[in-house]
Amino acid sequence: MKSNQNGRALEYALVATLQERYGNAYICEQTERDQTRDSGHFANLPQEMQGYYRQQCAAFANWVAANKVSDQGPVSISRIADRAAMKGDVTDIRLSSATQQYNISLKHNNNAVKHQRPGNLFAQLGLVDKAEEKQYRAAIKAISAQFFSQVMPLNTLLFSEVKSQDETIIQSFYQQMCHLVTDTINSQPVDPQKAFDFLVGNCNFDKVIVCRDHVQVMQFSHIAKPQSLQAKQTSANHIQLDFDNGFSFDMRLHTASSKFALGKTINQKFDTRLISDSVQSFTL
């Protein structure tokens, strides 16, 4: 939750800075509501963090005005809802003028791209075989059932207590799940382009990573579409995805809740990060 609040505070800071930088800037009602909502998140940040948020946002805003969207005329600044990412648009903030548009995917000090659930793997890969998907989901249930049978004697519903009593139970669960996902990716007729677009987004944008001492700008535009995808399991809970267009991703499986319920779906996600790419990148 804290990282989400920090992310919203950063979006607030950048939009506020852009409004100051562009004399003819205007925002829609929804963006104004988002700014009002997230001003509190920014105010709750430590003073030092507020300081470098302001500093780096100002440096980036000046670069945008000089290189992307001119300040000669009205400029619309919009915060884009998270639900747009479900359709492939990963834009957080969009600047538009009469002649220019600039899409920004904003991150704070990390290179995360997705937090996807393994249960939805077939849709993520562009697979439409319902019979195969049914078998895949049945395999997940079987792995979960084995986990439940192992934890029942421990008399707990907390992952932390399972880990403290017998960490091998959780490691075995991760190992089997990652093996299933890896095998599914490599054995199914995956559409590499759809899988890539799911991870990266299908909208031209710059990924902007704000750190304490610099801003990194990664230009995700005019990227060659991949023709192949290979997955390999690199540890009990890590899978590496390699596309033939120079992009590689690390997917770390983790539980997305501190609790579980016997017989119910286990809340789990992949934390997916970019580890290799072929994009133009620079720092400010």
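Predicted model: local features only at pLDDT ≥ 70, side-chain atom pairs only at ≥ 80, totals over all residues.
Local features were taken only at pLDDT of at least 70 and side-chain atom pairs only at pLDDT 80 or more, while totals for chains, interfaces and linings use all residues. Residue numbers start from 1 along each chain as its sequence is written, and side-chain values rest on heavy atoms, with hydrogens and water left out.

Start with the packing. Buried here means under 20% relative accessible area, against over 50% for exposed and in between for partly exposed, with a 1.4 Å probe and protein chains only. Leaving aside residues up to four places away in sequence, Phe249 touches (heavy atoms within 4.5 Å) a list of residues including Val113, Phe196, Leu241, Arg273 and Ile275.

Glu11 sits in helix H1, residues 2-21. Glu11 counts as buried because its relative accessibility is 13%. Beyond residues up to four places away in sequence, Glu11 touches Gln35, Arg79, Asp92, Ile93 and Leu106.

Now for the gaps. On a 1 Å grid over the protein atoms alone, a cavity is a set of points where a 1.4 Å probe fits but cannot get out, a pocket is an open set with protein on both sides within 12 Å along at least five of seven lines, and lining residues have an atom within 4 Å of a point. Grid points are joined across faces, edges and corners, and a volume is the space filled by probe spheres set on the points.

The structure holds one cavity of 30 Å³ or more, and the largest cavity comes to about 90 Å³. Its lining includes Gln116, Ile185, Leu229 and Met251. Helix H7 gives the most to this lining, three residues. By class, the lining of the largest cavity has 10 nonpolar, two polar and no charged residues, where Ala, Val, Leu, Ile, Met, Phe, Trp, Tyr, Cys and Pro count as nonpolar, Asp, Glu, Lys and Arg as charged, and the others, Gly among them, as polar.

The second largest pocket holds about 330 Å³. Four nonpolar, seven polar and four charged residues line this pocket.

Notes:
Helix = DSSP H or I, 4+ residues; strand = E, 2+ residues; numbered from the N terminus.
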